[in-house]
Amino acid sequence: MRSGVYSSALVVAALWLSAYSFNLKLEDVTCSAVELNDANKGLNDVLSRLTSRSNFFSIFKVDLMKECPFWPDDGMCTSKDSCGVECCGDDEIPVSWRADGEVPIAYMPLTIRNDRRRSGLLTDYPLFARASGEEGCVECKDDPKLDTRVNDEGLFSFRVTDDDVWTIQDCEKKMIYVDLRTNPESYTGYRGDSARKAWTAIYEENCFNFAKNCQGGICDSESCKEERVLFKLISGIHTSITMSIVKEFVAKEDGSLDLDMYLKRVGYFEDRKGNLYFLLALLTRAVAKSVDTLAKFEYSTGDSTNDADTEMILQELWNHPSIKPGCLKTFDETDMFQGLPDLKDEFRRHFRNISSIMDCVGCEKCKLWGKLEFLGLGTALKLLFDSSPQLQRNEIIALFQTLKKTSDSVGLVEKFEHAVLEEKAAEAKRAEDARRREAVKEALLIANKYALPVLASVLVALLTTIGALLLRRQPSGTKKPASTTPKANGSIRRRTE
């Protein structure tokens, strides 16, 4: 009886823990994690179709050859195949997207260009040739306002004073087209000092000048909301990237989920899950707030059939409950930047500095998705906090790709949390079965020690009593002895004679 009660308590505890995970306590948002989960199911379906079927939202322009101005790249990937990026061919780039008078001519793998450049075989990157026949890429001058000096602690110190920009834009002449569908974000094995240094620098840059309790990018409850928001966004992107790795890395051969990596990297940390949900809330709000502006953009690639499909999916997105005006509101941007003067400029400056660190990532595929996601987040911040934002095509692509990646990660967290619940329930059942087997075993031991001797004594006494009763009982069927009394009739006949 007691073991059954204990088992029920374990199952209830497992259910409670899972419910707690799905009902995370979220700060600085206007909805719950449960509401975000419910809204995300339909939203993820629309975004998945948009980013997989639409050419407009799949082809991204980026400069992957931009070197880190702060430290030498010493990162290592386990495989050039996993770290490399495949560029678009001529026929894959929409004609209307090409700069006037420029046609892409060189699409050798970036890893090969890197190797040739380091060996001195390639000193320039002729990604584009002018119509006149002049080869080469026009050099973009480095921003003189970018301070790349290293401070006494070994970390860089830099500022860009252009207060109108949320992210550092790549040099147009050095950018290449990449189809994101053929270069999905995945585990590459990228590691080394530069990989660790990049994330350390990102989190350190989160500390505002006026922060009193900020060490290693960790901001406590006394920090201002703006500082908390910036940290949550950075942590949310970090968690989202981690989930994309977990998804690919932990699948077992039988197709089941291996929860160990998930729990160690995300599942055990309520703040990381909460920050991921916060990121989804802010991105969703940015699109919802600007739906009228976004709906007016011309989503054209020159392929009328594909463009029509894109417009159809976008109409479905504009009418989704989490995007449609007047429905679910996930974040309130109106109470931001109400404190110190120039707080917005400092927030933007910190985010801009963080986004530029993506050029310090040595893995090409990691750099591609890192630059895209920070550009997407910067676009969301522009839509939320700038009065009259002007958007470029690349920013819109990055915004929706980042929203989709975040939506994927939130869905994965929900999937893994369900698996955690099932594992806990199965573990509780296994523990109960083990306790029952132990109880049976214990009962048998008691029987061997006490019950069998007593039963044997009772049985002996019973047999003795039965034997005594059988001895006292007279046997049936024994004949009586012959009578000596003379028969009456015979005597009469002899006297008569």
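In which helix does Cys366 lie? Cys366 lies in helix 12, helices being DSSP runs (H or I, at least four residues) numbered from the N terminus. The model is predicted, so local features need pLDDT of at least 70 and side-chain atom pairs count only at pLDDT 80 or more, while totals for chains, interfaces and linings use all residues. Residues are numbered from 1 along each chain as its sequence is written, and side-chain values use heavy atoms, with hydrogens and water left out.

Cys363 and Cys366 are listed under "active site" in an unreviewed UniProt entry; such annotations may be inferred rather than shown by experiment. Cys363 is placed in the loop between helix 11 (343-356) and helix 12 (364-385). With a relative accessible area of 1%, Cys363 is buried, whereas Cys366, at 26%, counts as partly exposed (buried is under 20%, exposed over 50%, partly exposed in between, with a 1.4 Å probe and protein chains only). Not counting residues up to four places away in sequence, Cys366 touches Thr188, Tyr190 and Val361, contact meaning heavy atoms within 4.5 Å.

Phe297 is found in the loop between helix 9 (291-295) and helix 10 (304-318). Phe297 counts as partly exposed, at 25% relative accessibility. Beyond residues up to four places away in sequence, Phe297 touches Phe56, Leu391, Arg393 and Ile396.

Terms used: Helices (H or I, at least four residues) and strands (E, at least two) are DSSP runs, numbered from the N terminus.
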